[in-house]
Amino acid sequence: MKKFALIVAGGSGTRMKDAVPKQFMELLGRPILMHTFDAFVKYDSQIEFILVLPKDQLDNWNTLCKKFRFEIKYKLAFGGENRFQSVKNGLDLIP
């Protein structure tokens, strides 16, 4: 049976009172979002990832992936108008 990890990372940073969304803040030298992927890979290296991001955060994410040489494979879904729609967009990518 395939295992999937649906990572919904649509924060804007307002509750953290920071211009950088929390998922992109660095912790121990890497963005928090990358640590999230690492935790799932440590649990099961065969897990398939679906990442949900707002469209306007994609360039920033791609820049971070290059900077930190992030090579974990994932499918990408874009966020919706609310959390429910964002989760649905990610779930729609599970076969």
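**View A. Aromatic pairs in the predicted model.** The structure, a predicted model, holds 8 aromatic pairs. Ring pairs join Phe24, Phe37, Phe40, Phe49, Trp61, Phe70 and Tyr74 into a cluster.

**View B. Phenylalanine 37 against phenylalanine 70.** A pair of aromatic rings is described by the distance of the centres and the angle of the planes. Phenylalanine 37 belongs to helix 1 (residues 32–43). Phenylalanine 70 sits in the loop between helix 2 (58–67) and strand 5. The two are 33 residues apart in sequence, so the pair ties these parts together. Both phenylalanine 37 and phenylalanine 70 are buried.

**View C. Phenylalanine 37 against tyrosine 74.** Phenylalanine 37 has a relative accessible area of 0% and is buried. Tyrosine 74, at 26%, is partly exposed, because buried means under 20% and exposed over 50%.

View D. 3 strands form an open sheet, in the order 1-4-5, with parallel pairing. Strand 1 (4–8) and strand 5 (75–78) are the edges. Each has a single partner strand, so one side of each lacks a neighbour in the sheet. On average, neighbouring strands are turned by 20 degrees against each other, direction ignored.

**View E. Strand 1 beside strand 4, with helix 3 on the sheet.** Strand 1 and strand 4 (residues 48–53) run parallel and are joined by 5 bridges. Valine 8 has valine 52 in strand 4 as its bridge partner. Helix 3 (residues 83–91) packs on the sheet. The helix touches strand 1, strand 4 and strand 5. Its direction makes about 150 degrees with that of strand 1.

**View F. Lysine 55 over an aromatic ring.** Lysine 55 lies over the face of phenylalanine 78. The distance from the ring centre is 5.4 Å. Phenylalanine 78 falls within strand 5 (75–78), an edge of the sheet.

Note on methods. Residues numbered from 1 in each chain as written. Predicted model: local features only at pLDDT ≥ 70, side-chain atom pairs only at ≥ 80, totals over all residues. Heavy atoms only, no water. Pairing = 2+ DSSP bridges. Helix = DSSP H or I, 4+ residues; strand = E, 2+ residues; numbered from the N terminus. Axes fitted to C-alpha atoms, helices over the stretch in contact; angles between N-to-C directions. Contact = heavy atoms within 4.5 Å. Phe/Tyr/Trp six-rings, centres within 6.5 Å; stacked < 30°, edge-to-face > 60°. Buried < 20%, exposed > 50% of the residue type's maximum accessible area, 1.4 Å probe, protein only. Lys NZ or Arg CZ within 6 Å of the ring centre and 35° of its normal.
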